[in-house]
Amino acid sequence: MNKSTLHRVKHAADDVHMVNKSTRFAMPVTPEPLADGARLPGAQAVFRAIDLLKLVGLNHERGISLASLVAATGLDRSTTYRLVSSLVQTGLVARDDRKLYRLGLEAMQLGLATMSRVPIVERCRPLMIRLARRTEDTVYLVVRNGDYAHCVHYEEGAFPIKALVLQLGGLRLLGVGSAGTALLATLSEAELDAFHTRHRGELPPERSSLAHLRRQVAQTRRRGHAFTDNLVAEGVSGVGVYFEVTPGTYAAISVGAIRARMSDERRRWIAGVMAEELRLSGWSVAG
């Protein structure tokens with residue numbers, strides 16, 4: 001090999017070395033930002049599923065059919081069915097006996113996972129602490145989400161025997177528990193009928209009839225509070241008062257105690273104290 005050839009080989013080797021060196025120490029390439037409204041390439045199925053989930057959420061109260069989802073998205077029927085079925089399988093969406101789709105329990109759990117940091121908890125915590133001190137019993141804060149009541153905070157009182165019947169983050173059907181019974185009174189007559197149709201098989205036997213639910217709602221509205229006895233757990237009673245958070249959005253506070261501490265007189269006193277504390281805190285209370 002002559003000197004000219006050796007010189008060319010040396011330079012070629014140096015070039016390869018520089019390429020390898022630059023490749024080894026190259027900085028990661030930052031993707032170009034997407035334009036407003038643009039979607040990340042390669043994630044079409046994900047975006048379609050999210051679009052369907054949003055549509056189901058917007059129609060949660062009444063439910064939405066597969067045909068309506070097809071019409072709203074412009075997707076073909078088989079694609080829509082496959083995507084929404086995957087959402088049903090994950091629990092994010094539920095399908096009822098009439099083949100209508102609504103948000104599932106997993107979607108509700110995700111949506112309310114940050115409730116401990118939302119303003120309602122911060123605003124209600126002081127009054128709940130005062131109520132726990134005054135009653136010496138456990139005070140719960142529950143928000144309504146569709147057909148369910150979701151516990152987002154509670155404060156324990158000083159009484160040694162506690163009625164811890166609802167856990168933080170727990171979901172209960174409306175009409176089960178004193179807070180859920182209070183929130184049931186926020187439904188219109190048509191909403192109550194539809195609620196009963198959807199859940200009559202899940203309600204406690206003593207509350208499974210529509211006539212009973214109507215009487216319960218009427219009593220709650222007339223008294224200004226809900227009262228439950230031995231409904232959630234044997235030997236436990238509760239008082240619940242609902243209030244309006246924003247127009248059309250409701251929450252409730254409740255006090256749970258052992259039955260021996262919940263005479264009619266004390267129950268009425270607790271309900272009055274709850275309404276008083278809510279009003280002093282600026283909430284709108286029925287009655």
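These legends describe close-up views of one predicted protein model.

**View 1. The whole chain and its confidence.** This is a predicted model, in which local features need pLDDT of at least 70 and side-chain atom pairs count only at pLDDT 80 or more, while totals for chains, interfaces and linings use all residues. Residues are numbered from 1 along each chain as its sequence is written, and side-chain values use heavy atoms, with hydrogens and water left out. The protein holds 10 helices and nine strands. Helices (H or I, at least four residues) and strands (E, at least two) are DSSP runs, numbered from the N terminus. The mean pLDDT (the predictor's confidence in each residue, from 0 to 100) is 81 for the protein, and 81% of the residues score at least 70. Confidence is lowest in helix α1 (residues 3–24), with a mean of 43. Where pLDDT is low, the predicted coordinates should not be read in detail.

**View 2. Helix α2 against helix α3.** Two packed helices are described by the angle between their axes and the distance between the axes. Helix α2 spans residues 44–58 and helix α3 residues 66–73; their axes come within 11 Å and cross at roughly 120°. Axes are lines fitted to C-alpha atoms, for helices over the stretch in contact, and angles run from 0 to 180 degrees between N-to-C directions. The pair is therefore oblique. Angles under 35 degrees count as roughly parallel, over 145 as roughly antiparallel, 65 to 115 as roughly perpendicular and the rest as oblique. Leu52, Leu55 and Val56 of α2 meet Leu69, Ala72 and Thr73 of α3. By class, this contact has five nonpolar, one polar and no charged residues. Nonpolar means Ala, Val, Leu, Ile, Met, Phe, Trp, Tyr, Cys and Pro; charged means Asp, Glu, Lys and Arg; the others, Gly among them, are polar.

**View 3. Helix α3 against helix α4.** Here the axes are 10 Å apart, and α3 and α4 pack at about 115°. That makes α3 roughly perpendicular to α4. From α3, Leu66, Leu69, Val70 and Thr73 meet Arg77, Thr80, Tyr81 and Val84 of α4. By class, the contact of α3 with α4 has five nonpolar, two polar and one charged residues.

**View 4. Ser254 in strand β8.** Ser254 sits in β8, residues 249–258. Its relative accessibility is 5%, so Ser254 counts as buried. Buried means under 20% relative accessible area, exposed over 50%, and partly exposed in between (1.4 Å probe, protein chains only). Leaving out residues up to four places away in sequence, Ser254 touches Thr138, Val139, Tyr140, Ser178, Ala179, Val239, Gly240 and Met274. Contact means heavy atoms within 4.5 Å. Of the 287 residues of the protein, 42% count as buried.

**View 5. Two loop residues with positive phi.** Most residues other than glycine have a negative phi. Lys99 is not a glycine, yet has a positive phi of about 65°. Lys99 lies in the loop between β1 (93–95) and β2 (101–103). With a relative accessible area of 55%, Lys99 is exposed. Glu136 also has a positive phi, near 65°. The loop holding Glu136 runs between α6 (119–135) and β3 (138–145). Glu136 is partly exposed, at a relative accessible area of 37%.
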